[in-house]
Amino acid sequence: MIRQNSHSHQTDEAWVDGIIDTLLSARNKKPGTPTDLPVNDIFTLCNLAREILLSQPMLLELGAPIKICGDIHGQYNDLLRLFEYGNFPPESNYLFLGDYVDRGKQSIEVVSLLFAYKIKYPENFF
């Protein structure tokens, strides 16, 4: 569920950790249960991730080991399972190839978690 109102917050490591914790709390719930993220937090995640992505080169030269993932299609539980099997960042480096959203019912959760990890680990999460 997305809340319309949220208290203002500083964009710092504790804030990002809180977002990640909220999103990861879905692991203990029935699959498909929406997470409760305020709209303002989602906009902030998008803007911060955008700044980081624009600051990095278009062509990445990444070293091994790295986990390459694609075609999440809004399937949030599949994304969580990928992290459970492959280790959560920063224990593993990840490269996501695209198709993050569309078919699944939890596209916002998918992109929010990916952006939160990009903000927290900009040099280990692509």
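Gln56 sits in the loop between helix 2 and strand 3. Helices (H or I, at least four residues) and strands (E, at least two) are DSSP runs, numbered from the N terminus. This is a predicted model: local features need pLDDT of at least 70, side-chain atom pairs count only at pLDDT 80 or more, and totals for chains, interfaces and linings use all residues. Residues are numbered from 1 along each chain as its sequence is written, and side-chain values use heavy atoms, with hydrogens and water left out.

### Exercise 1: a loop residue

Work out whether Gln56 is buried or exposed, and find which residues it is in contact with beyond its sequence neighbours.

Step 1. Gln56 has a relative accessible area of 14%, so it goes down as buried.

Step 2. Contact means heavy atoms within 4.5 Å. Skip the neighbours within four places in sequence, and Gln56 is in contact with Lys118, Pro122, Glu123 and Phe126.

Step 3. Now check one of those partners. Gln56 and Glu123 are 67 residues apart along the chain, yet their C-alpha atoms are separated by 9.3 Å.

### Exercise 2: aromatic rings

Count the aromatic pairs in the whole structure, then look at two of them.

Step 1. Rings of Phe, Tyr and Trp (its six-membered ring) pair if their centres lie within 6.5 Å; planes under 30 degrees apart count as stacked, over 60 as edge-to-face and the rest as tilted. A search of the whole structure turns up 10 aromatic pairs.

Step 2. Phe83 and Phe88 make a tilted pair, 5.6 Å centre to centre with 40° between the planes. Tyr94 and Phe96 make a stacked pair, 5.9 Å centre to centre with 25° between the planes.

Step 3. Look up the accessibility of each ring residue. Phe83 is buried at 0%, Phe88 counts as buried at 18%, Tyr94 at 1% and Phe96 at 6%.

### Exercise 3: helix against helix

Describe how helix 4 packs with helix 2 and with helix 1.

Step 1. Two packed helices are described by the angle between their axes and the distance between the axes. Axes are lines fitted to C-alpha atoms, for helices over the stretch in contact, and angles run from 0 to 180 degrees between N-to-C directions.

Step 2. The axes of helix 2 and helix 4 come within 9 Å and cross at roughly 50°. Angles under 35 degrees count as roughly parallel, over 145 as roughly antiparallel, 65 to 115 as roughly perpendicular and the rest as oblique. Helix 2 and helix 4 are therefore oblique to each other.

Step 3. A crossing is left-handed if the near helix is turned anticlockwise from the far one by less than a right angle, and right-handed if clockwise. The crossing of helix 2 and helix 4 is left-handed.

Step 4. Helix 1 and helix 4 pack at about 145°, with axes 10 Å apart. Among the residues making that contact are Ile20 and Leu23 of helix 1 and Leu113 and Tyr117 of helix 4.

Methods:
Buried < 20%, exposed > 50% of the residue type's maximum accessible area, 1.4 Å probe, protein only.
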